Amino acid sequence: MESKSRNVLLFTFTTALFFSLSTSSSASLQTQTQTLLLNPLTAPQTTLSWLEPESESLSSSTTTEADPDSNSTATLQLHHIDSLSSNKTPDQLFHLKLQRDALRVDSLLSLAAAKRGGGHGGLGLGFSSSIISGLASGSGEYFTRIGVGTPPKYAYMVLDTGSDVVWIQCSPCKKCYSQSDPVFNPKKSRSFNGIACTSPLCRKLDSPGCNQQRQACLYQVSYGDGSITQGDFSTETLTFRGTKVPRVALGCGHDNEGLFVGAAGLLGLGRGRLSFPTQAGRRFNRKFSYCLVDRSASTSSKPSSIVFGDAAVSRTAKFTPLLVNRKLDTFYYLEMLGISVGGRRVRGVTPSLFKLDAAGNGGVIIDSGTSVTRLTRPAYLAFRDAFRAGAPNLKRAPEFSLFDTCFDLSGKTEVKVPTVVLHFRGADVSLPATNYLIPVDSSGTFCFAFAATLSGLSIIGNIQQQGFRVVYDLAGSRVGFAPRGCA
């Protein structure tokens, strides 16, 4: 009798344990989701006047040139290019963004291919080769106001993590595109100095030129669509909201042809020898960060911003080491290990798909000027299929432009979507839903904000970076991501 009771008890316990394990296993297989609040495409919250009184009021009397060896901090407001287009509808602005993005990606891939194919040009009367910049014509997404010269003349400069050379349009203009601020006149600046052909600074250019008559160093940057900037390579003082940075090597462009959308020039934030972060290393301790405000942010939220100096490093940031591509020192390469969708790693997304090889092929870069993240095709297809499988209840919509996974969410105010986590070496970056399912029209169509590239190079774009403070700690050779970093 006791034996029978024990057997019944054992059967009951075993059944309960099996049921408990099955339930636990079933729960663990459930897709992790988060809520996406559906905000349609909207027009820019503010339109931008090119002249800002508060910026112009920063005169030479309120800025002091500190010891070059001392560390400083500067915080600047960033503006998106859409804020210049008050006469366009949200749908028109989005189409323009995708056009700029395609140009941008083509230019980055062309630059990577060109650098793998050869070295630096020699010094000569002209230019031994064209240099393709990461900034496709008109593709600068964010810009800020910077003082140039002494006394400082304020102008809008495009910020670009995909290129190095700093340049500004200069008079006299052989050819200049239209800009809203007056063209910079180097003769009216006390701190402007030319660079000699024999200077080490001149030889840092990928393809330097020399005016033999003046013994003046010449620069040239060519863009993917044939646009160019060229002129004298020089040094000048730049002013960042009261902080002066003297002797910055920059191009004084007398021949600038292309559609550069009104900005006076470009501040190269790449990793190369002539980029602004490298040149201003001692002043800002080789650190900067930016935070790009979400498109759907309320009008009361803080604007997008960039910070130079030790204050740029967020305490809550998760860091991943920077990789070195000896063929191309401009880009910021990260080691990507995989992607999770709905709480599970996507099997087809392996580290080998993102490997940067010894010849400089492949890899993953992070870029402020690219909007939509591009993943090498095998990784994208596996990632996309996992996302589709995790969102079976969302009504599919036709493809839209470069997006092949879209949904008709019209009439809804919120939906549940599978979570997405990007896994880097040492840093798991969990994306808000608004960073990967975005509105593409005014009719309730939302698309998966990633795309495939046939190139081996993958690019982490700014849609996925929105809301994070992205920290570039070049002194520590690392990049960090701080969630909710715009507050």
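1. Counting bonded cysteines along the chain, the disulfides of the protein follow the pattern 1-8, 2-3, 4-6, 5-7, 9-12, 10-11. A disulfide is here a pair of cysteine sulfur atoms within 2.5 Å, and by this rule there are six.

2. The model is predicted: local features need pLDDT of at least 70, side-chain atom pairs count only at pLDDT 80 or more, and totals for chains, interfaces and linings use all residues. Residues are numbered from 1 along each chain as its sequence is written, and side-chain values use heavy atoms, with hydrogens and water left out.

3. Cys-197 and Cys-210 are joined with their sulfur atoms 2.0 Å apart, and the link is right-handed, with 90° about the S-S bond. Because Cys-197 lies in the loop between β7 (193–194) and α4 (200–203) and Cys-210 in strand β8 (residues 209–211), the pair ties together parts 13 residues apart in sequence. Helices (H or I, at least four residues) and strands (E, at least two) are DSSP runs, numbered from the N terminus.

4. The sulfur atoms of Cys-202 and Cys-217 are 2.1 Å apart. This pair links distant parts of the chain, with Cys-202 in helix α4 and Cys-217 in strand β9 (residues 216–222), 15 residues apart. Cys-202 is buried at a relative accessible area of 0%; buried means under 20% relative accessible area, exposed over 50%, partly exposed in between (1.4 Å probe, protein chains only).

5. The disulfide of Cys-291 and Cys-486 is left-handed, because the torsion about its S-S bond is about -85°. Cys-291 lies in strand β13 (residues 287–291) and Cys-486 in the segment after β31 (478–482), so the pair ties together parts 195 residues apart in sequence. Cys-486 is buried, with a relative accessible area of 17%.
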